[in-house]
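Colleague: I would like to learn how to read a two-chain model with some care. Could we take the features in turn, with the general idea given before the case?

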Amino acid sequence: MSEISPFVILIAAIFTNNILLANFLGMCSFLAVSKQIDTAAGLGAAVIFVMTATTAINYAVYHHVLVPFGLTFLSYIVFIAVIAAFVQFVEMFIERFSLGLYHALGIFLPLITVNCAILGASLFMIIRRYTFAQSVAFGFGGGVGWTLAIILIAGLRQRMRYSDVPVPFRGVAIAMVITGVMAMAFMGFAGMVRIQ
Amino acid sequence: MIFLLPILIFGGLLVGLTVALTIAERVLVNYGVCKIDINAGEREIEVDGGQSLLSALNESKVYIPSACGGRGSCGHCKATVLEGGGPVLPTETPFLTRAQVRAGVRLACQVKVREDIRIKIPEELLNVKMFTAVVERAELLTHDMVELRFKLEEPAEISQRPGQYVQLQAPSPEGPVYRAYSISSSAHDTGAVELVVRLVPGGIGSTYCHALKEGDPVIFTGPYGEFRLDEDPDVDVILIGGGSGMAPLRNLLLTVLERWPDRKCQLFFGCRTTQDVFYFDEFRKIAEKHPNFEVHYALSDPIEEGESWDGETGFIHLSAEQHLDESDRKRQAFLCGPPPMIEAVMKVLEAKGLESDDMFYDEF
């Protein structure tokens, strides 16, 4: 897969292969934190940062530690350990230098650890045999794509507060329906570029 | 080798991550020295930033009541934070009412000191000290009640208002925790503190208390509490309790009679069975010396065959209803016991003409 330019992968990860709308990864925090645009954007920013950095670190760990020793079967727990440690680091960093953002993200910052989109990005990188530059581009693009999706749905949900939603559909149910409609809309981009 | 390698690699990776995080914590989580201003300049302390407000205050010998040891599960360590301290955390909201949130009330164990902070705490908490003492006497009063007498060492004297409580430090698997116990000895007995503790199966504090032996060292902070005895000897004192609510009543009674031997005092205490009765004889002896003091014990369970009982029977609020008279005299009532008892007794007292401002209660 080395012939695809990292830039193409970046664009593809945002639009045609959006990790949330095409793969439905990262749904839990997507549904939980998509009520307000500002918090959704804050969480999205943290996800972009963590996803980019963890794909880079996990790439290095996978190809320079796990592959030489023939331990690729350990990749799941190793990736999770790296992600957990990195999120801890990010939390300390944000707490120290941007107290406002720290309080705005609150409990959701440590919850990024269990955001499956982050682990998904690292695993896709292995399955699709990306190079380092491609991996980082994919990680960054995946984060931006996830942020785009959560901001879009947060905007829709904010407007929906004034809509007359049937009672059984209120809350998460209608959010799932909207996500489905949005995913279908994004399917219009599908097939424009192949990244796998 | 095939088994060892994965363990070594994964273990090594975890150690590496831990080391990196520890270094990052050293470098990043270093807030330098922060100032805490208590009650608008009344006290100003300097602490190392990065720790919780509760431990920062404890370090500077300001003791806020806390039972869980700072885990955010008891909700006792409330303090008003006026400036600095960030927004209310999700861990605190279950313990705070909306009005408290608006007023800036926080749980001190959840507030992290990252900058200069201005707080407000009740004036009396500044007088709370940490005491070291040794057990002078540990005596079983009934099958599940123990009376403990602690001889104070450092500081050697305690100045308490009758009805106040101390927070006794008890060991637990997760580090020391504090449990509140009312003082049962008189306020004039300044060199010692007595407690009456009922054994709660599985309870951390009460199990610790029941295992204490003569000569054991103990640590506690205090005194805390809102009971306020009227200093006017013409005001009658009514003491009503049940179950494990004896300690503060005994303290009030002994203090009152020592200072004003002729002050009118009525004590009502409810127990289940004859096995739960304690201090009854001691109080009767006191009643012989003080004609204005009367004591009533009532048993709520039926008396079994072969037992002798010369007290009253039935619920304690009925006994209070029978012996208290309606009058316009100023009276103060102190209630200690289980919530249903308090509720029933308060109705009786209201019917007898007491104002709610003159009733103090502690639910056990």
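Colleague: How many residues of chain A are in contact with residues of chain B?

Modeller: This is a predicted model, in which local features need pLDDT of at least 70 and side-chain atom pairs count only at pLDDT 80 or more, while totals for chains, interfaces and linings use all residues. Residues are numbered from 1 along each chain as its sequence is written, and chains are lettered from A and ligands numbered from 1 in the order in which they are written. Two residues are in contact if their C-beta atoms, placed from the backbone, lie within 7 Å; here 17 residues of chain A are in contact with 16 residues of chain B.

Colleague: Which helix of chain A gives the most to the side that touches chain B?

Modeller: Helices are DSSP runs of H or I with at least four residues, strands are runs of E with at least two, and both are numbered from the N terminus. On the side of chain A that touches chain B, helix 4 of chain A gives the most, with nine residues. Chain A has nine helices and zero strands.

Colleague: Is B:Arg259 buried, exposed or partly exposed?

Modeller: A residue is buried if 20 or more other C-beta atoms, placed from the backbone, lie within 10 Å of its own, exposed if 12 or fewer, and partly exposed in between. B:Arg259 counts as partly exposed because it has 15 C-beta neighbours inside 10 Å. B:Arg259 lies in helix 5 (residues 247–259) of chain B, and its C-alpha atom is separated by 10.0 Å from that of B:Glu231, 28 residues apart along the chain.
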